[in-house]
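Colleague: I have a model open and want to learn how to read its side-chain features. Can you take me through them one by one?

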Amino acid sequence: MMILAPSMLSADFKVLGEELKTTEENGAKYIHYDVMDGMFVPNLSFGPGILKSIRPASMLVHDVHLMIEEPIRYIEAFAKASADIITVHIEACEDLDATIAKIRECGCKVGVSVKPATPVSVLEPYLDKIDMILIMSVEPGFGGQKFMPIALEKIAQAKAMVEAKGLNIDIQVDGGIDAQNVEDVIKAGANIIVAGSAVFNGDTKQNTIDMMEILNKYE
């Protein structure tokens, strides 16, 4: 299933509820929620309180991407705030097995992400414990960056690893994706597309429709 996950980082917070509803009504299934701590990445964003407050605004899947050091400290808080999927960075976890177990214990699906410089092969020992791989196609921390083509090879490698083990794992890609390059990302093997500026900059409704028209070709 092809899924569009608009990144809330790029939304207009003056009308956030309306923005979320617009994406949902026009085909988006997830809302991607970027959490930054100013340590793992050089930026700050949202906490669990805002996540909890947006739940009544839509029925979108709350896809929480923790770009924070030792995310195990905050898993329970984000789960209680309405996270459906919690993704952590392998580079940020001292004990990834324990972090994965904590996410499961809290009733959420598990995602694990790799930064652009991290080979996807590091995820192979964890594949039977997770639901989603997140390939970063920009350096995590800021919206509006340019897509890094090296990500296409990593997507294909992740897809091959998953298929070799006969597993059903989603492959999500985040960073610099727009209507011009999204088909390359899909063809490489991704099925969950995170898009921030491409959805929320300009006409949110039309941008969502345009992205969904492309994704729907690959259903």
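This is a predicted model: local features need pLDDT of at least 70, side-chain atom pairs count only at pLDDT 80 or more; totals for chains, interfaces and linings use all residues.

Colleague: How far apart in helix α1 are E24 and K21?

Modeller: First the general idea. An α-helix has 3.6 residues a turn, so residues three or four places apart point the same way. Now the case here. E24 and K21 are 3 residues apart in α1, about one helical turn.

Colleague: Which residues of α1 are buried?

Modeller: L16, E19, L20 and T23. Viewed down the helix axis, these buried residues fall within an arc of 95°, so they line one face of α1. E18 and E25, on the other side, are exposed. The cover over the buried residues includes β1, β2, α2, α7 and α8. Just past the helix, G27 has a positive phi of about 120°.

Colleague: How many salt bridges does the whole structure have?

Modeller: The search finds 10. One of them joins E76 and K102, at 3.7 Å from N to O. E76 sits in helix α3 and K102 in helix α4, so this pair ties together parts 26 residues apart in sequence. K102 also meets E105, at 3.5 Å. Those two are 3 residues apart in α4, about one helical turn. E105 is exposed, at 61%, while E76 is partly exposed, at 36%.

Colleague: Which residues are linked in a network of salt bridges?

Modeller: E76, K80, K102 and E105.

Colleague: Now the rings. What describes a pair of aromatic rings?

Modeller: The distance of the centres and the angle of the planes. This structure holds 2 aromatic pairs. F13 and F46 are stacked, 5.4 Å centre to centre with 25° between the planes. F13 lies in the loop between β1 and α1, and F46 in the loop between β2 and α2, so the pair ties together parts 33 residues apart in sequence. Y33 and F46 make a tilted pair, at 5.0 Å and 35°. Y33 is in strand β2, 13 residues from F46.

Colleague: Where does the charged end of K115 sit?

Modeller: Over the ring of F40, 5.1 Å from its centre.

Conventions: Residues are numbered from 1 along each chain as its sequence is written. Side-chain values use heavy atoms; hydrogens and water are left out. Rings of Phe, Tyr and Trp (its six-membered ring) pair if their centres lie within 6.5 Å; planes under 30 degrees apart count as stacked, over 60 as edge-to-face and the rest as tilted. Helices (H or I, at least four residues) and strands (E, at least two) are DSSP runs, numbered from the N terminus. A charge sits over a ring if NZ of Lys or CZ of Arg is within 6 Å of the ring centre and within 35 degrees of the ring normal. Buried means under 20% relative accessible area, exposed over 50%, partly exposed in between (1.4 Å probe, protein chains only). The arc is that of the directions from the helix axis to the C-beta atoms. Contact means heavy atoms within 4.5 Å. A salt bridge is a side-chain nitrogen of Lys or Arg within 4 Å of a carboxyl oxygen of Asp or Glu.
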